[in-house]
Amino acid sequence: MIYLKQEFSKDNIMVQKTIREWNNNQYSATEVAELIKELDDRTKSSQAGYNSIDELASKVKVVEQGGSGVNVDSAYEVAVANPNIHIVNDVSDITGDQSANAGKIWELQADIDCAGAVIDLSAYNITLKDGGGKLTNFTSINLGDFSTDGNPNAVYFDQSGTITGESLDKIVHLEWFGLNKNAHLLSGATINGALPDHIAIQNSMAVLPVDGATWAFPHNAKMMQGDGTNPDYTYNDTPYTGNGNVRPDLGQPSSIGVLQGFEFFGYTNLTILGNGSTIIANPNQTNITSNKGFDFRDCDNLSIYNLKYDGNVLYRDPYLIDYNPYHIQHGFGIYSSDNFILENIESNNCVMDGFYIGKRSGGKVGQGGVMRDCKALYNYRQGMSVVSYDFCKVYNSHFSFTGRTISLVDGRILGTSPYAGVDMEGRHQDSWLFEGCTIEGNRGAGLAPHWGTFNSTVRNTTFIDDSLFEPQDVDPEVNGNNSYLNNTFINSTVDLNAGGSTFSGNIFKINNEIIAYNVDGSVGVISSPIILKMQDVRNYYAAGTVRKSIVSNNFIYVDAMSANFLDEADPAFTGVSMARILIDLEDVVFEDNEIINQISINDVGGDGSATIINLTGKGSRINNNRWLIQPDVRTKYPNNIGRMSFGYYPSSFDKNEININYGSISTFDIQSNMPKPDIRGSIVRFSSLGGTIDGDEAFKIHVPNVNGLVKISVPNSTSQGSGFAETWLDTSNPSYRNSPIAIGASESGWYFSDPKLSTNPKSGNASFMIAARHDTSGNSNLETSIVVEWFGQNGDTFSEEQFFIERADFAQTASDATFTGTETDWTVTGIPAAGYQLLVNNSLQVLTTDYTLTGSTFSFVTPPGANDVVMYIPTDEQFRKVYTGGKSGTTAQRPTTGGLDNYTEIKFGAVYDNNETSQKQYYNGTSWIAY
């Protein structure tokens, strides 16, 4: 590099004093002259008043001090010595051969009427500069690759024609394209001079780079979309008749008219800065797909901030149904696009959906989106549809009032099914998150994690007068296992059917009837609503495709004293249902829930079902729950308040607090407790719940299919008298019995079948099953419970589901049985086939396996009569009541065989303590002998 030593005179005129030596050699005069000329070429300006540092300083000083009449950008560009400006004052400055101005800054200093010209500037690589003018009345302009001076407020074009090209600027400002920004003039259906801005929006879109563009809206502008000139679809059905909507005639194209919506295809890393602006559809726009909102397809890494779209559905008054392909008039549609961001976006009053997130036909399943602080209110079909999109997170967003707008023309509903706040049903919605959202008053479901929604979470979200609805998919691989955590449901319902749900930490607040939105637009109420319903209809849990369902730590409070619920004493009272629960899920865990003032009255004094858990599902755990009724509520409803049904025998029912005024249709006493099996290595203790059992029922005890000893302890019911019996069985020796403890007068009222191979209905594994039945006359209902201890003989351990006690129907009633014969030899007819054991009044009368339809010998004197109950059981269920000792009593109370309340066998040597004779006696095989 050559270094010049320079000094400046008082007049700021540069004077050369010396030339620095280079390797001790001075430059020649010719060389110095060339250097000076080159310096002049680099620094001198041909514009008067800009040729010295002092002159430039004076210009800059005016700018710094905010002097009027000075263009900041122009001053800056001149200050950096860029004189390469082409002044544009006439159409001739932009037409014809402009090669001489290629690469220059084109400053538009006047409004230029292009007289409908087609202008091509694509060869010139121009930079547009705001000089106060713009191009108007053109047919089209091709800018090619171009730049601007970066002024966000500059206006270079009006909206007379189309513009193409590609901006090289970092940010493309929508303002450059001649926005009218006067949609604030709209008054309902009246235009009031408002002008459309869709052409300016489309022109600015047309110059965006396909990768990495930033598109900036003006701050807080209000723009009108569309000019209202597009045609509508044709309809054979007459619109506006009745209250139903109609579909467009089939065969006509969906995209008729001129596109006045905003379509993006294949853009990457596009950022849209809405800056608080609003786009509202022209109230005269027809409801065709060409008048859609924003449509993004294959646009990965799309980001949109602070923008509002208003579809103006009230004044556009659509009547079309959801019918493909005439149904994509969404506010924001995002198709097959990964990793989008929507932040502070509103999409309201849209002709179809506020937001549509999904997969285009033939496209990929997108993934990785984020929505924050968005709103979708009063839309026609959905607040948001999700159709095949994975791994999206939605924070603090509002999806409400879908289908709630009423036509000003004829009062019909402006909407079409499903009317949801959020509807997810594309057969592939994996791992969505809704966090801190609000869902209120939608005509359909508030949130529907529908077909194909799985592994998703809804957390800290508020539902108001709405519903959470989760159906079950026919494909088990893309279904269920969703979590609903710490949400609030205000007069709202939950209906979960996919299976594998975790429903925990939620709060229900009920102070009114559950709302139903009628077809005519009116609001009604749901009769006997269920606020929490959970099922697995296809039993995917048993198939292993969904996890165990958990319902825990939920709080349900009914403000039953609210005036919205009539007093039972009110003459108009016809029943009330508040906070009903229905859960039918195999192995469901229902723990640590609190339900206050749950009421279900069918009519005055009529009990309705309040809580139902597992009508058909098996193995539920119902522990540590509270069902409470406040005293003033009990005064308001003094009679029956509802009943509980815990259906199929639970695996555990422990430490529940249930108000004593609830009725029960359960098979056990709901005030009793049954903890889960206590497993200590190969020793397991488990029990049944207390409750009544009929003579034609049995406790079926299932233990692992390995050798083991089984001890069964049974307390007598009140009707049997005070007593307790303990019996041991051996799964390796089915006929073995040992009854070391038998206390009370009726200890022989229970007997047990031989252990036999079976299938544990809870675990599905092979088991040994032992049936326990009572032998009390008249098919009596006896109330008791049993405790079982299992001792594995090989030391193996097993999981708790291998130990199960179920109460089940056992014997079959033989209503047509008749008996003929003598005192010791009776013939029976009316039994379906041979090979059964016979029960009369629930007493086991045939004790051997050689029973036939004729010739059987019975040990009763009087044959059964018309009022006796006759039943039969298969002989492979071999019941035995074996006395092995341990009883004390009078001579008359000594154990005998045959008949009611008696034994099938007395073991040789069994001891009896005769307290009448003060003797111990033993059985010698035929009689009792004193020691």
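**Entry 1: an open sheet**

I began with a sheet of 4 strands, which is open, has mixed pairing and runs in the order S81-S83-S84-S85. Strands here are DSSP runs (E, at least two residues), helices are DSSP runs of H or I with at least four residues, and both are numbered from the N terminus. Two strands pair if DSSP finds at least two bridges between them. I noted S81 (887-889) and S85 (928-930) as the edge strands, each pairing on one side only. Neighbouring strands of this sheet are turned by 30° against each other on average, direction ignored; the axes are lines fitted to C-alpha atoms, and angles run from 0 to 180 degrees between N-to-C directions.

I then looked at how S81 meets S83 (residues 911-914): the two run parallel and are joined by 3 bridges. Lys-887 has Tyr-912 in S83 as its bridge partner.

**Entry 2: what I am reading**

The model is predicted, so local features need pLDDT of at least 70 and side-chain atom pairs count only at pLDDT 80 or more, while totals for chains, interfaces and linings use all residues. Residues are numbered from 1 along each chain as its sequence is written, and side-chain values use heavy atoms, with hydrogens and water left out.

**Entry 3: the whole chain**

I counted 7 helices and 85 strands in the protein chain. Of its 931 residues, 51% count as buried; buried means under 20% relative accessible area, exposed means over 50%, and partly exposed lies in between (1.4 Å probe, protein chains only). Contact means heavy atoms within 4.5 Å. Among contacts between residues at least 6 apart in sequence, 67% join residues at least 24 apart.

**Entry 4: a hairpin**

I found S68 (residues 756-759) and S69 (residues 766-774) running antiparallel, joined by 4 bridges. They form a hairpin with 6 residues between them, and Gly-764 in the turn has a positive phi of about 80°. Ser-758 stands opposite Ser-767 in S69.

**Entry 5: cores**

I looked up the nonpolar cores, sets of buried Ala, Val, Leu, Ile, Met, Phe, Trp, Tyr and Cys residues joined through side-chain atoms within 4.5 Å. The largest has 122 residues, and Trp-215, Phe-264 and Phe-434 are among those with the most contacts inside it. Leaving out residues up to four places away in sequence, Phe-434 touches residues including Met-384, Phe-399, Leu-447 and Arg-459. A second, separate core of 22 residues includes Val-684, Val-703, Ile-712 and Leu-782.

**Entry 6: helix H4**

In H4 (residues 198-206), I listed His-198, Ala-200, Ile-201, Asn-203, Ser-204 and Met-205 as buried. The buried residues of H4 pack against several strands, including S10 (162-167), S12 (214-216) and S15 (271-281).

**Entry 7: Ser-682**

I found Ser-682 in the loop between S60 (678-680) and S61 (683-687). Ser-682 counts as buried because its relative accessibility is 17%. Its C-alpha atom is separated by 5.6 Å from that of Asp-796, 114 residues apart along the chain. Beyond neighbours within four places in sequence, the contacts of Ser-682 include Trp-790, Gly-792, Asp-796 and Thr-797.

**Entry 8: cysteines**

How many disulfides does the structure hold? I found 0 disulfides, a disulfide being a pair of cysteine sulfur atoms within 2.5 Å. The sulfur of Cys-374 has its closest cysteine sulfur in Cys-437, and 9.2 Å is too far for a bond. Cys-374 counts as buried at 1% relative accessibility. Cys-299 is also buried, with a relative accessible area of 1%.
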